[in-house]
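Dear colleague,

Please find the structure below for your records. My notes on the contact between its chains and on its aromatic rings follow.

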Amino acid sequence: MNGRHGAVAALALLLAGCASNPTAYDYAAFLANPPRSILVLPPLNESPAVEATYGYLSSVTRPLAEHGYYVFPVQVIDAMLKDNGLPTAGEMHDVPLRSLREVTGADAVLYVTVEQYGSSYRVVSSHTTVSVRARLVATEDGTLLWEGRASESRRTGTGLSGDLLGDMLVAAFMQALNTTSDEASRLARVTSQQLVSRKSAGLPYGPYHHAAGTVP
Amino acid sequence: MKGAAAAVAALMLTGCASSPPAMYAWGSYELMLYATYAAPGSVGIDEQIDLFENELSQAAHPMPPGWYAHLGYLYEQAGRLELARDAFLAEKADYPESTVLMDRFLQAMADAGPRIGDED
């Protein structure tokens with residue numbers, strides 16, 4: 001435990017010396033109260049894809065756990081909240097932190113909002129995009145420990161043939177295929193990984209990771 | 001600089017470069033989570049339990065956070081309460097951070113008492 005505090009203090013000094021880097025995240029709040037466990041609620045959904053909330057939720061456990069945190073089982077938590085009269089992510093996000101802390105014992109809650117999920121149809125190609133933003137909040141006092149965002153996009157249209165009508169038909173066909181959840185759910189896993197691993201702005205490694213307390 | 005870093009990260013994430021080995025035995029857990037939501041009812045509780053038990057028997061790494069708790073939840077839904085209890089205790093043993101929640105589930109099962117048709 002002392003060793004970990006020493007490493008955390010050393011990290012704080014190191015980051016203080018990096019103030020000139022405009023993209024570096026200010027980890028002061030996190031370092032003051034590093035969490036061991038994270039409760040991930042079903043995300044809010046700003047995209048038109050109905051499947052985004054649970055498509056994204058199923059992608060978030062592995063990156064967080066491999067990052068060294070105890071992650072509460074997302075499906076069990078979702079079922080428990082629904083059983084307690086909270087059928088939507090919006091209502092779940094409104095539950096007071098002290099209640100979440102009392103029921104689960106979580107050190108922190110990750111509030112995720114899905115901004116984009118799935119296909120966007122452009123004239124001659126189709127992209128699949130998953131974009132999220134997230135806030136990690138301490139259950140003890142509501143402190144914002146960390147926030148981040150990630151966006152991953154993959155072009156799924158085939159190459160341009162020079163035949164505009166043909167390309168548009170191909171793009172429309174690809175769009176119809178991509179509207180199924182699988183393409184986006186695969187990309188969601190990449191997005192979740194990027195969210196926590198972003199250089200200089202990612203989530204510090206958690207207690208189960210060999211590099212606990214350091215930033216990716 | 002940020003764009004290049006993101007591109008490198010993307011390459012690494014797609015597995016073109018070496019990525020660190022996983023700490024936990026993920027198996028098909030993520031896919032099962034996704035399938036349960038994407039196609040609800042397509043895999044019955046007993047089938048899901050079979051899948052979990054099979055993965056446990058083949059695991060070469062520790063089970064991930066929440067894995068035993070999820071299995072316990074499945075067992076409880078199937079009425080297999082003793083196995084549910086064991087799974088919740090396994091979660092607690094591996095991950096002390098789960099203690100508050102696991103104790104809550106264990107207490108709720110104890111309070112509910114035996115039900116008609118309980119197995120195990």
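**Interface and aromatic pairs**

In this predicted model, chain A and chain B bury about 3200 Å² between them, 63% of which comes from carbon and sulfur atoms (buried area is the accessible area, with a 1.4 Å probe, that two parts lose on being put together, summed over both). Because the model is predicted, local features need pLDDT of at least 70 and side-chain atom pairs count only at pLDDT 80 or more, while totals for chains, interfaces and linings use all residues. Residues are numbered from 1 along each chain as its sequence is written, chains are lettered from A and ligands numbered from 1 in the order in which they are written, and side-chain values use heavy atoms, with hydrogens and water left out.

Chain A brings 39 residues to the contact and chain B 32 residues (contact: heavy atoms within 4.5 Å). The interface holds 2 salt bridges (a side-chain nitrogen of Lys or Arg within 4 Å of a carboxyl oxygen of Asp or Glu). Arg36(A) and Glu97(B) form a salt bridge, with 2.9 Å between the closest N and O atoms. On the side of chain A that touches chain B, helix 3 of chain A gives the most, with 9 residues (helices are DSSP runs of H or I, at least four residues, and strands runs of E, at least two, numbered from the N terminus).

Arg36(A) also lies over the face of Tyr208(A), 5.8 Å from the ring centre (CZ of Arg or NZ of Lys within 6 Å of the centre and within 35 degrees of the ring normal).

Over all chains there are 12 aromatic pairs (ring centres of Phe, Tyr and Trp, the last by its six-membered ring, within 6.5 Å; planes under 30 degrees apart are stacked, over 60 edge-to-face, the rest tilted). Tyr70(A) and Tyr95(B) make a tilted pair, at 5.4 Å centre to centre and 45° between the planes. This pair joins two chains, because Tyr70(A) lies in strand 3 (residues 70–71) of chain A and Tyr95(B) in the loop between helix 5 (81–94) and helix 6 (99–112) of chain B. Tyr70(A) is buried at 0% relative accessible area, and Tyr95(B) is buried at 3% (buried: under 20%; exposed: over 50%; partly exposed in between; 1.4 Å probe, protein chains only). The rings of Trp67(B) and Tyr68(B) are edge-to-face, since their planes stand at 90°, with centres 5.4 Å apart.

Yours sincerely
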